[in-house]
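Take a slow look at the model below. The paragraphs that follow lead you through it, one region at a time.

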Amino acid sequence: MDGSPLLHSHPVRTAFIPAEPRFGEGAECARQKGGFSPSGSATFACGVALVPAIRHRHAVSLERALRRKRGHNDLIPGGSRCTLAEDRAALKQRIKEANDIVDVVGKHVALRQKGATFKGLCPFHDDHNPSFDVDPRRQTYRCWSCGKYGDVFTFVQEINRVGFVEAMEELARNAGISLENQTFAKHGPNRARMLEVTRWAAEQFHQCLLDATFAEPARLYLGERRLIGDIVRRFGLGFAPPQGDWLVRKATESGQPLDLMEQLGLISKNNDGNGFYGRFRDRVMFPIRDIRGQTVGFGGRILPSSLSSAKVAKYINSAENFLFSKSDQLYGLDQARNEALKAKELAVVEGYTDVLMAHQMGVTNVVATMGTALNDRHVRKLKHVVSKVVLVFDADEGGNKGVDRALEVFVRNNLELRVAKLPSGLDPCDLLVEQGVDPFREAIDGAIDVFEHKLAQVFEQAQGGVEAQERAVQQMLAVLALTPELRSVKMELMVNRIAHRLYLKEETLWNKLRQLQSSRQQSAPEASRSGELAAEQPGPQEPVGKAPPVEVELLQLLLAEPALVARVSGEITPNMIEHSSVRMILEGLYRLLAEGLTPELDELRGRIDNETLLARAMVAKQRGLDLADRPACLERVLERFRERARTRQTKELQNQLQSAKNDHAAARELLRQLRH
Ligand SMILES: [Zn+2]
């Protein structure tokens, strides 16, 4: 159980021999971390709407038809958000229709027709008998052995290990449907144009670093950091010279849209309102790329030799926009992806140069957060790539907030999260330069489970007597209470470990935990209304226990017929739902409705990142589609809900009556209520 990280300092000091001539001449790798400029509070509002919606007349979705039937007048061109949502739904539908599932799966699996379906070896497990079915009529696939189920989008997501948006983009490309040249009209410039301008800027900065005479101080700086030309090129590092008009002039010469560049945070308006100046000046530029290697933004570090270095932020970033959100990005993910897939694990460090040096030294499954703690959005991105993440902390950071945040992420997500500690006083870059790759690798290999790590800390605190122990337990349970599913296998294990470590009865812990959770749930509706759908509360782990049939039926009907969601929202509140998975989906649908979007499963898919849950929802939807006269079914389901509520109330009163036996007045009152 004990896997304490290697805290001893490494005796061998490996000389650093550059594989290629370095940039400039070098001193030590200076500390890089902690310098990311804190950006404003602007949040990334369009997390889901990454794909430009387009208007097209031909693909009239079922959804549209439904809405029209309901008499919605939100089809007026240039109208409300509903129009945008419908466009998006129609676009998805169009992409789906253009990609026959048999063709798409057929590229990866040899399929043979058998009756109405096609059969092949499942690509998701080690299959020897063809147990993988593709149904062209329903446009779905299912493995009878490992249970994988889904449609053309999920197939591409799973096979390429990408998110929904990426899968959609790929399928659009396959079908020759252009997402890129569509304009957003009132909803801002499209993603493709923004990417193009960002790519153009990255090239300018990069060429400048490589060629310009005035970039010599930047080359010198990188050389001092011991970074070699190969890594500088691989990560596309650049330099923004001190002259404020440099980028603006280049942009004007090559006809780049200045207003768009301003939106991207590359340039700003001059104070007098005339003309623009470059926001990044005298800075080393680190292009931030998405998982596919497209540059989506920049981090810029002021040169220490800069005249203004004392007056300005050490690090600044691109503006938060449609393409780029600091708290979403992982620096180096595009470069780390392949090795991470192979090694099945990824290490997360804190600074750009930590990543660069690790890659330069051959440890290539390393990324960095952009100055924020690892969060759920990062995890959603990483889950497609690895199942194990190692957070690399400096030794002096062990007992701090970093571990607590990591623990929260761990509890809420189905992901193995470990903590590695480096020998004291060194950040990864220092360590790699001074001692070579071995101690870094050893620290990662010796990383311990974040839960175990926290438990060890708490255990130490608990030695101080009963009160200290009480506090320690409270602290652990408060984190555990964040999980949406109380009785999961993972939770049982965690409670068991706490009980064991702190010599407590498990039952005592469960009772406390239940109290915490119910008090949390009472305050939750408020919090979730303001938040970003269920996205920030990732799905439950494998649901334990079956949902009551009436709840399953409700879900089947709503998923099959989104028009019914509004009807239900007036009568069923999420807290009336017992099963947490059903509740989560229902909440998601209500949220969509409140946002003016179509409350349908496809819309939820960009937001709930729980493949198991989504696959189940898809099955439920299919069952719902098989039901005839859904509105009438719904009325029957609602009647059963009412019945259930009445039964519960009666039980409640009977219980109260039982305990009020000695109080005649109270008992009489309860009996009166019961007879009503
Ligand atoms: Zn399978």
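Start with a pair of helices. Helix H18 (residues 466–480) packs with helix H19 (residues 489–502) at an angle of about 170°, and their axes lie 12 Å apart. Axes here are lines fitted to C-alpha atoms, for helices over the stretch in contact, and angles run from 0 to 180 degrees between N-to-C directions. H18 is therefore roughly antiparallel to H19. The cut-offs are these: under 35 degrees is roughly parallel, over 145 roughly antiparallel, 65 to 115 roughly perpendicular, and the rest oblique. Helices (H or I, at least four residues) and strands (E, at least two) are DSSP runs, numbered from the N terminus.

Which residues meet? From H18 come Gln469, Ala472, Val473, Met476 and Leu480; from H19 come Met491, Met494, Ile498 and Leu502. Two residues are in contact if their C-beta atoms, placed from the backbone, lie within 7 Å. By class, this contact has 8 nonpolar, 1 polar and no charged residues. Ala, Val, Leu, Ile, Met, Phe, Trp, Tyr, Cys and Pro count as nonpolar; Asp, Glu, Lys and Arg count as charged; the others, Gly among them, count as polar.

Now a word on the model itself. It is predicted: local features need pLDDT of at least 70, side-chain atom pairs count only at pLDDT 80 or more, and totals for chains, interfaces and linings use all residues. Residues are numbered from 1 along each chain as its sequence is written.

Step back to the protein chain. Its secondary structure comes to 27 helices and 17 strands. Of its 676 residues, 41% are buried. A residue is buried if 20 or more other C-beta atoms lie within 10 Å of its own, exposed if 12 or fewer, and partly exposed in between, with C-beta atoms placed from the backbone. Take the contacts in the chain with a separation of 6 or more: residues 24 or more positions apart account for 69% of them.

Next, go inside. A nonpolar core is a set of buried Ala, Val, Leu, Ile, Met, Phe, Trp, Tyr and Cys residues joined through C-beta atoms within 7 Å. The largest such core has 100 residues, and Leu346, Val348, Val367, Leu391 and Val392 have the most contacts inside it. Helix H6 (residues 191–211) gives the largest share of this core, 7 residues. A second, separate core has 27 residues, including Leu555 and Ile585. Beyond its neighbours within four places in sequence, Val348 is in contact with Val367, Ala368, Thr369, Leu374, Val389, Val390, Leu391 and Val392.

Helix H11 (residues 333–343) has the buried residues Leu333, Gln335, Ala336, Arg337 and Ala340. They pack against helix H8 (229–234), strand E12 (330–331), strand E13 (345–349), helix H12 (352–360) and strand E14 (366–369). In the loop between H11 and E13 lies Lys344. Is Lys344 buried or exposed? Lys344 counts as exposed because it has 12 C-beta neighbours inside 10 Å. Its phi is near 60°, a positive value in a residue other than glycine. Most residues other than glycine have a negative phi. Asp629 has a positive phi too, near 45°. Asp629 lies in the loop between helix H25 (611–625) and helix H26 (630–659).

Finally, find the open sheet of 5 strands. The order is E1-E2-E3-E4-E5, with antiparallel pairing. Strands E1 (112–114) and E5 (149–151) stand at the edges with a single partner strand each, so one side of each has no neighbour in the sheet. Neighbouring strands are turned by 25° against each other on average, direction ignored. Two strands pair if DSSP finds at least two bridges between them. Strand E3 (residues 132–135) and strand E4 (residues 140–143) are joined by 4 bridges. Asp135 has Thr140 in E4 as its bridge partner. Helix H4 (residues 152–160) lies across E4 and E5, running at about 115° to E5.

Val102 sits in helix H3 (residues 101–106). Not counting residues up to four places away in sequence, Val102 touches Leu111, Phe118, Val134 and Pro136. Val102 counts as partly exposed, with 17 C-beta neighbours inside 10 Å.
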